[in-house]
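Please look over the sequence and the model shown here before reading on. The explanation is meant to be followed with both in view.

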Amino acid sequence: MGKDITFHLNRSYCKACGICVALCPVCALEKDSEGRPRMKPDSPCIGCKQCEYRCPDFAIRIGG
């Protein structure tokens, strides 16, 4: 992940639908043991915010 890019998940909003993981153009996200998204170690995140824009629960925030 870019050193200036942060991924924040509001776990109380997330329903673990997987849309963000499926739509990430660089496969930077993976599901945790509860099915919720997290950044992969050494993630190739480019900060495009597709996960944030497509989240139906408004549970993801990408900062930079």
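This is a predicted model: local features need pLDDT of at least 70, side-chain atom pairs count only at pLDDT 80 or more; totals for chains, interfaces and linings use all residues.

Residues are numbered from 1 along each chain as its sequence is written, and side-chain values use heavy atoms, with hydrogens and water left out. The protein chain averages a pLDDT (the predictor's confidence in each residue, from 0 to 100) of 93, and 94% of the residues score at least 70.

The structure holds five salt bridges, a salt bridge being a side-chain nitrogen of Lys or Arg within 4 Å of a carboxyl oxygen of Asp or Glu. One of them joins Asp32 to Arg11, with the closest N and O atoms 3.1 Å apart. Because Asp32 lies in the loop between S2 and S3, and Arg11 in the loop between strand S1 (6-9) and H1, this pair ties together parts that are 21 residues apart in sequence. Asp32 counts as buried (under 20% relative accessible area, with exposed over 50% and partly exposed in between, for a 1.4 Å probe and protein chains only) because its relative accessibility is 15%, while Arg11, at 37%, counts as partly exposed.

Another salt bridge is formed by the side chains of Lys15 and Asp57, at 3.5 Å from N to O. This pair links distant parts of the chain, since Lys15 belongs to the loop between S1 and H1 and Asp57 to the loop between helix H2 (50-54) and S4, 42 residues apart. Lys15 has a relative accessibility of 54% and therefore counts as exposed.

Arg36 is found in the loop between strand S2 (29-31) and strand S3 (37-39), and its relative accessible area is 18%, so Arg36 is buried. The side chains of Arg36 and Glu34 meet in a salt bridge of 3.1 Å, N to O. Through salt bridges that share partners, Arg11, Asp32, Glu34 and Arg36 are joined into one network. The side chain of Arg36 also reaches the backbone oxygen of Cys14 at 3.4 Å. Leaving aside residues up to four places away in sequence, Arg36 touches Leu9, Arg11, Cys14, Ala16, Glu30 and Lys31, where contact means heavy atoms within 4.5 Å.

Technical notes: Helices (H or I, at least four residues) and strands (E, at least two) are DSSP runs, numbered from the N terminus. A polar contact is a pair of N or O atoms within 3.5 Å; within protein, one must be able to donate a hydrogen and the other to accept it, and residues adjacent in sequence count only if both atoms are side-chain atoms.
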